[in-house]
Amino acid sequence: MSPPPTALAKTPEVEGSATRADEGEAESRIVILDFGSQYTQLIARRIRELGVFSEIVSPETPARALARPGVKGLVLSGGPSSVAQEGAPVPDPALFTLGLPVLGICYGLQVMTRLLGGEVERAKSGEYGRAALEWRASSPLSAELPSHSTVWNSHGDRVLQPPKGFVVLARTQEEPHAAIADPDRRLYGLQFHPEVTHTDLGKEIFANFLFRICHAPASWKLSSFLDRSCAEIRAKVGGEQVILGLSGGVDSSVAAALLHRAIGDQLHCLFVDNGLLRQGEVETVRHLFGEQMGFALHVVDASARFLAKLRGVADPERKRKIIGREFIHVFEEAARKLGPVRFLAQGTLYPDCIESAAAGHGRPAVIKSHHNVGGLPKRMKMHLIEPLRLLFKDEVRALGELLELPREILFRHPFPGPGLAVRCLAPINPHHLALLRAADAIVVEEIRRAGLYEEVWQAFAVLLPARSVGVMGDARTYELTAAVRAVQSVDGMTADWARLPGEVLSRISNRIIQEVRGINRVVYDISSKPPATIEWE
Ligand SMILES: Nc1ncnc2c1ncn2[C@@H]1O[C@H](COP(=O)(O)OP(=O)(O)OP(=O)(O)O)[C@@H](O)[C@H]1O
Ligand SMILES: O=c1[nH]c(=O)c2[nH+]cn([C@@H]3O[C@H](COP(=O)(O)O)[C@@H](O)[C@H]3O)c2[nH]1
Ligand SMILES: NC(=O)CC[C@H](N)C(=O)O
Ligand SMILES: [Mg+2]
């Protein structure tokens with residue numbers, strides 16, 4: 001197969017100071033109408049990787065709202081619905097008359113076909129997974145692509161008759177209308193999914209759409225994003241004070257560094273020691289953010305009140321609620337002490353926004369309640385500043401690198417807001433937390449020492465209330481059990497237990513039993529998610 005074409009733009013620059021981007025004019029962008037595909041975010045990612053900003057909007061967005069300055073083209077995503085089905089999402093038909101290029105993918109192709117007068121039918125047998133694609137006609141969408149390549153499908157409906165003015169660009173063995181287009185109106189449709197990595201040359205197809213059809217400049221760069229968002233924050237905040245809950249995790253740390261660059265000491269970072277933090281966490285945060293980075297850091301020791309409220313509580317959901325409520329109280333008190341604070345900053349990311357928007361139609365925002373500390377903003381009546389709300393996690397990490405945050409912070413394993421409380425299945429008290437903290441530190445230390453820290457998604461210890469008999473130094477012991485959990489995952493939604501080398505497990509086990517008095521047995525958790533979860537509670 002021939003090498004990929006040269007049409008590919010470079011990935012957005014992370015380094016460098018070039019900030020020519022669109023000062024004063026609207027940022028060039030591609031707008032993606034989301035029909036509910038599991039891959040919509042991947043479409044946005046692919047486009048941004050090519051250096052063009054992309055934005056995901058509701059499928060019902062009116063055409064006039066799509067024709068904004070800066071918009072260079074539209075993508076209609078796939079989706080679970082069937083176009084003939086009642087209640088299936090339909091875009092504003094006027095979007096096809098805006099003169100903007102359109103790329104319909106799967107459901108997006110099918111809905112475009114139907115709206116423009118073509119026919120869609122239920123296929124006799126769907127087309128799922130791998131297929132061999134053959135480009136049959138030349139077009140800017142397939143420019144410089146080899147005539148044959150592998151694509152990935154997932155559809156049960158198909159285009160029976162393309163709309164008037166459309167020609168067939170490509171087919172697969174099963175599907176004669178794998179790609180169709182009306183080149184004069186710059187309307188393109190693909191039955192397969194160019195956004196998934198299983199489609200070879202999917203990125204090149206996007207590059208052709210962006211640069212040969214939409215003529216979008218590749219001007220989306222994190223460095224210009226950084227400059228622009230600092231200016232926006234300064235304009236919004238003026239001389240006021242801002243508070244931000246700093247957890248030491250990636251998102252809040254990057255948000256803090258960005259705000260600090262914008263407004264310096266008007267930013268007050270609040271780090272709450274809830275008594276449920278990992279070993280050395282308070283010192284690390286104090287050293288890194290207070291001393292090294294020079295942030296106005298307020299460390300609030302609230303461990304006594306958290307632990308008092310948690311004493312004797314075993315139910316995981318009750319633990320989470322108590323912790324969320326205490327966080328709010330601590331924040332409110334701290335804000336009052338600082339004087340009138342009008343702004344609350346948060347490290348909300350783009351996936352959080354999309355998830356909560358999707359959940360807005362009467363469904364509970366399950367994912368948000370998992371990730372936010374007790375819904376701070378709603379109750380606190382402050383204006384929100386969310387500088388990362390347009391970014392994906394890996395873009396946030398890259399931004400953190402631009403802001404010179406140490407790798408140690410940016411590539412940290414996720415740590416749940418409720419902290420060690422959801423890893424201590426034995427009754428919560430200072431003694432049990434100390435055992436857990438010590439065991440956890442050994443797990444992480446040994447995994448680091450083996451050079452595996454960045455290979456696993458998360459690794460930690462859990463303290464179990466199970467006591468068992470052991471023999472140490474000829475004497476009987478009757479003590480608690482530690483479970484070691486280490487998983488591989490991409491997004492935390494699904495996970496498999498990590499196949500840690502036997503020697504590493506053995507060192508962890510020996511050290512915990514020898515060094516942590518009160519634990520005499522170590523087990524390794526070999527459950528995947530689903531059906532288990534990553535955390536034990
Ligand atoms: N100990 C804490 N002190 C102050 N704020 C906290 C603390 N723990 C959590 N928070 C707040 O709760 C938010 C949500 O926590 P979450 O773990 O989802 O994100 P994160 O810690 O910023 O990043 P990451 O997802 O990488 O852990 C944080 O951004 C932070 O504002
Ligand atoms: O901020 C958080 N607040 C929480 O209440 C919470 N519970 C779990 N997690 C983290 O989310 C990922 C998936 O965890 P589970 O498989 O246990 O649901 C894993 O990375 C968990 O560590 C949390 N994060
Ligand atoms: N992935 C998709 O967009 C599927 C579209 C439609 N639900 C079908 O089965 O054909
Ligand atoms: Mg965190």
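The following conversation goes through a predicted model and asks what stands behind the words used for it.

Trainee: What makes up the domain assignment of the protein chain?

Mentor: The assignment, which comes from an automatic or database source, gives domain 1 as 29-213, domain 2 as 222-410 and domain 3 as 424-524. The C-alpha centres of domain 1 and domain 3 lie 49 Å apart.

Trainee: Why are helix α5 and helix α13 called roughly perpendicular to each other?

Mentor: The axes of α5 (residues 222-237) and α13 (residues 393-402) come within 10 Å and cross at roughly 75 degrees. Angles of 65 to 115 degrees count as roughly perpendicular, and the two helices are therefore given that name. Their contact is made by L222, S223 and L226 on the α5 side, and by E395, A398, L399 and L402 on the α13 side. By class, the residues of this contact divide into five nonpolar, one polar and one charged.

Trainee: Why are β2 and β6 said to stand at the edges of their sheet?

Mentor: The sheet is open and has nine strands, in the order β2-β1-β3-β4-β9-β8-β7-β5-β6, with mixed pairing. Both β2 (53-57) and β6 (148-161) have a single partner strand, so one side of each is left without a neighbour in the sheet. On average, and with direction ignored, neighbouring strands of this sheet are turned by 25 degrees against each other.

Trainee: Which helix packs on that sheet, and how does its direction compare with that of β2?

Mentor: Helix α1 (residues 40-49) packs on the sheet, where it touches β1 (29-33), β2 and β3 (71-76). Its direction makes about 160 degrees with that of β2, and angles over 145 degrees count as roughly antiparallel.

Trainee: How do you know that β5 and β6 are paired?

Mentor: Two strands pair if at least two bridges are found between them, and β5 (residues 119-135) and β6 have twelve, in the antiparallel sense. As an example, the bridge partner of R130 in β6 is W152.

Trainee: Why is R186 worth a remark for its phi?

Mentor: Most residues other than glycine have a negative phi. R186, a residue other than glycine, has a positive phi, near 55 degrees, and its place is in the loop between β8 (179-182) and β9 (187-190).

Trainee: Which peptide bonds are called cis, and where are they?

Mentor: The bond from K529 to P530 is cis, with omega near -15 degrees, and the bond from P530 to P531 is cis as well, with omega near 5 degrees.

Terms used
Residues are numbered from 1 along each chain as its sequence is written. Chains are lettered from A and ligands numbered from 1 in the order in which they are written. This is a predicted model: local features need pLDDT of at least 70, side-chain atom pairs count only at pLDDT 80 or more; totals for chains, interfaces and linings use all residues. Axes are lines fitted to C-alpha atoms, for helices over the stretch in contact, and angles run from 0 to 180 degrees between N-to-C directions. Helices (H or I, at least four residues) and strands (E, at least two) are DSSP runs, numbered from the N terminus. Angles under 35 degrees count as roughly parallel, over 145 as roughly antiparallel, 65 to 115 as roughly perpendicular and the rest as oblique. Two residues are in contact if their C-beta atoms, placed from the backbone, lie within 7 Å. Ala, Val, Leu, Ile, Met, Phe, Trp, Tyr, Cys and Pro count as nonpolar, Asp, Glu, Lys and Arg as charged, and the others, Gly among them, as polar.
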